[in-house]
Amino acid sequence: MSTRKPATIAVRTGIESDTQHHAVVPPIYLSTNYGFPAFGEVPTYDYTRSGNPNRGLLETALFELESGKGAVVTNCGTSALNLWVSAFLGPDDLIVAPHDCYGGTYRLFNTRSNKGDFKVQFVDQSNDQELEAAIAKKPKLILIETPSNPLVRVVDIEKVCQLAKNVGALIAVDNTFLTPVFQKPLELGADFVIHSTTKFINGHSDVIGGVVITKTEEHAEELAWWGNCIGATGTPFDSYMTLRGIRTLGARMRVHEESSAEILSYLQTEELVGTIYHPSLPQHPGHEIAKKQQSGFGSMLSFEFAGSFEDLKYFVGKLELFSLAESLGGVESLICHPASMTHRAMGEEALEEAGVSQNLLRLSVGLEDATDLIDDLRQAFEQTRTQGAR
Ligand SMILES: *Cc1c(COP(=O)(O)O)cnc(C)c1O
């Protein structure tokens, strides 16, 4: 296992690995198939659905970053989650998932459980009683998403893993929000790490991808078999692009976080901002756990807009440097209204239960200059206060 720091692993994986031309950057292999050296001699790669050099390098980079033993790169984060449940759950098995998980994850688990593929229970994992009651039902799998989307709630990974081990459950942590730069779930007791590499891992908002990283080689083999079986694996081009994006992961995460800290300070002075959700804030209920299990607070944040819904829409429309769009973790700053965008598939009741209000706005702080970002927020709030939609 590499003892190197994430930024170094991110930059160096696969560099100078080309034995044919000694290309410093590993070349892309688009071929769908590979020749058999001789009759009956199966090559390392035979067909791209089951394996490809670029996907292999990306898998190595990702499992080394997470201190795992193997990985399966998939064509999106959702298919990584789908691969994981497909491999381990049958009709009588239960998965316990967070009630405020990513909207697409909620839809996937809910829809498949309604078809009878497996059973699902959504719980507030920061509520000990609710969590323990769910674990007492002996789930086969537990999914943790911390910090959660969009409320940035923090779940104690080590504690849940201990409870889960008592009933033999396997645990995956969706580490999309922090990346291994700020959080290493396998070291805290998890069995799997899942990412939507679409977000910070690729970081440039130009590739959809995902990964399941495993703590053991056995699980990696099992998942690779399933990935090939259900056709969930990622393409060579996407893998090439994602590895290119990963090169700057360490540097990007640092700037994302520094800028979000500056934005947080500013938001606390703004009268149209109500509750702010970010684990770096001492009043945030997950602050202490975050300090314990994370090496950085991360840059995703959300806040309640303290004005009318009409004013909220007006404010969003006045922003110039925050694009109104879904997704997160790219170089460009984004603003999202979870209730009508990323989380709309949940329906009103589930949204309310998860605490996602109509006034909630989520920011993905990008890599523009932080002063420009703050100036932009300030002018939009100012216009809303003075003109607004009233
Ligand atoms: C985006 C996201 C997903 C889904 O990933 P896709 O690449 O969009 O399929 C899953 N979990 C979290 C936390 C996400 O942000």
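**View 1. The lining of the second largest pocket, by residue class.** Eight nonpolar, 11 polar and five charged residues form the lining of the second largest pocket. The model shown here is predicted. This pocket has a volume of about 330 Å³. Its lining counts 24 residues, and those closest to the pocket centre are Thr78, Tyr102, Ser196, Thr198 and Lys199. The space of the second largest pocket is taken by the ligand.

**View 2. The shell around the ligand.** Cys76, Gly77 and Thr78 are part of the shell, together with Tyr102 and Glu145. Asp174, Thr176, Ser196, Thr198 and Lys199 also surround the ligand. Gly209 and Leu328 complete the set. Sorted by class, the shell has three nonpolar, six polar and three charged residues.

**View 3. The largest pocket.** The largest pocket holds about 450 Å³ of space. It is lined by 25 residues. Nearest the centre of this pocket lie Ser50, Gly51, Glu59, Ala71 and Ala224. Three elements, α2 (53–65), β1 (70–74) and α8 (217–230), supply at least two lining residues each. Helix α8 gives the most, with six residues. By class, the lining of the largest pocket divides into nine nonpolar, nine polar and seven charged residues.

**View 4. The largest cavity.** The structure holds two cavities of 30 Å³ or more. The largest cavity has a volume of about 60 Å³. It is lined by 14 residues, and closest to its centre are Val73, Thr74, Gly209, Asp238 and Thr242. Gly209 also belongs to the shell around the ligand. Both β1 and α9 (236–246) supply at least two residues of the lining of the largest cavity. The largest share comes from α9, with three residues. By class, this lining has four nonpolar, nine polar and one charged residues. Strand β1 also supplies at least two residues of the lining of the largest pocket.

**View 5. The second largest cavity.** This cavity has a volume of about 50 Å³. Pro98, His99 and Asp100 line it, as do Asp124, Gln125 and Ser126. Glu145, Ser148, Arg153 and Val155 are also in the lining of the second largest cavity. Glu145 is also one of the residues that surround the ligand. The class count for the second largest cavity is two nonpolar, four polar and four charged residues.

View 6. The peptide bond from Thr146 to Pro147 is cis, with omega near -10 degrees. Pro147 sits in the loop between β4 (141–145) and α6 (157–166). A cis peptide bond also joins Asn149 and Pro150, with omega about 5 degrees. Pro150 is likewise found in the loop between β4 and α6. Ser148 is among the lining residues of the second largest cavity.

**View 7. A positive phi at His22.** His22 is not a glycine, yet its phi is positive, at about 60 degrees. The residue is found in the loop between α1 (6–12) and α2. Helix α2 is one of the elements that supply at least two residues of the lining of the largest pocket.

Key. Residues are numbered from 1 along each chain as its sequence is written. This is a predicted model: local features need pLDDT of at least 70, side-chain atom pairs count only at pLDDT 80 or more; totals for chains, interfaces and linings use all residues. Side-chain values use heavy atoms; hydrogens and water are left out. A residue is near a molecule or strand if one of its heavy atoms lies within 4 Å of it. On a 1 Å grid over the protein atoms alone, a cavity is a set of points where a 1.4 Å probe fits but cannot get out, and a pocket is an open set with protein on both sides within 12 Å along at least five of seven lines; lining residues have an atom within 4 Å of a point. A molecule sits in a cavity or pocket if more than half of its atoms lie within 2 Å of its grid points. Ala, Val, Leu, Ile, Met, Phe, Trp, Tyr, Cys and Pro count as nonpolar, Asp, Glu, Lys and Arg as charged, and the others, Gly among them, as polar. Grid points are joined across faces, edges and corners, and a volume is the space filled by probe spheres set on the points. Helices (H or I, at least four residues) and strands (E, at least two) are DSSP runs, numbered from the N terminus.
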